[in-house]
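Thanks for making the time, everyone.

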Amino acid sequence: MLDRILTDHPPQQAMIYCADIDGATQISYSLAQRGFNVARYSSQDSDRKKILANFASGYLDALVAVKCLDEGVDIPSVHQAIILASDATERQFIQRRGRILRVTPKKSVATLIDVLVVPPLGDESVKLMESEIQRIKHFARSSRNRTSVIINLIEELKHYKITYSDLT
């Protein structure tokens, strides 16, 4: 999925959120292999101030992190967020969205890509999708491409009996 996202949206001042530090390390390595200037940003990294300064100055294409970018980081020039993993709390997704929606003179639009992970068809855990759907509804309501997001999701989720009214 990440390869498809990067093909359509190469990282430019992007924050990429992962499930754990191992995942962040692997994705950082993969992006570096593709020629992007990236840094992992985690509680295990001792030079976090320097990493943030490099990112804010535009030297880095992306920061790959777990949760430490959720709060207390103010880099208004961030243009993209790719959320590969998220917990179910509303506070977290509002904080993450807020990282990229800061207004700057050189930025009039931001791109948020939130990967929705769904259980296999027939799995009893389909109920777990309810919090995911709430997050998507929240993001879609404030997006410029709201209609296309909802139409695409309905098509992708039709096997789960997700309807237009579920997403609006």
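In this predicted model, the largest nonpolar core comprises 17 residues, and those with the most contacts inside it are I16, C18, I27, L31, V64 and I82. At least two residues of this core come from each of α1 (2-8), β1 (14-17), α2 (21-33) and β3 (62-65). Apart from this core there is another, made up of 14 residues, with I51, F55, V73 and V78 among them. As general background, nonpolar side chains in soluble globular proteins tend to be buried together.

Let me stay with C18 for a moment: once its neighbours within four places in sequence are set aside, C18 is in contact with G23, A24, I27, V64, A65, V66, L84 and A85.

Now to the strands, and to β3 in particular, where A62 and V64 point one way while L63 and A65 point the other way, and all of them are buried. β3 pairs with β1 in the parallel sense over four bridges, and the partner of I16 in β3 is V64. Strand β2, residues 38-41, also runs parallel to β3, joined to it by four bridges, and here the bridge partner of R40 in β3 is V64. Between β2 and β3 the chain passes through helix α3, residues 48-56, in a β-α-β crossover that is right-handed.

Finally, the aromatic side chains: the structure holds zero aromatic pairs, although R48 does lie over the face of Y41, at 5.6 Å from the ring centre.

Note on methods: Residues are numbered from 1 along each chain as its sequence is written. This is a predicted model: local features need pLDDT of at least 70, side-chain atom pairs count only at pLDDT 80 or more; totals for chains, interfaces and linings use all residues. Side-chain values use heavy atoms; hydrogens and water are left out. A nonpolar core is a set of buried Ala, Val, Leu, Ile, Met, Phe, Trp, Tyr and Cys residues joined through side-chain atoms within 4.5 Å. Buried means under 20% relative accessible area, exposed over 50%, partly exposed in between (1.4 Å probe, protein chains only). Contact means heavy atoms within 4.5 Å. Rings of Phe, Tyr and Trp (its six-membered ring) pair if their centres lie within 6.5 Å; planes under 30 degrees apart count as stacked, over 60 as edge-to-face and the rest as tilted. A charge sits over a ring if NZ of Lys or CZ of Arg is within 6 Å of the ring centre and within 35 degrees of the ring normal. Two strands pair if DSSP finds at least two bridges between them. A crossover is right-handed if, with the strands pointing away from the viewer, the path from the first strand over the helix to the second runs clockwise.
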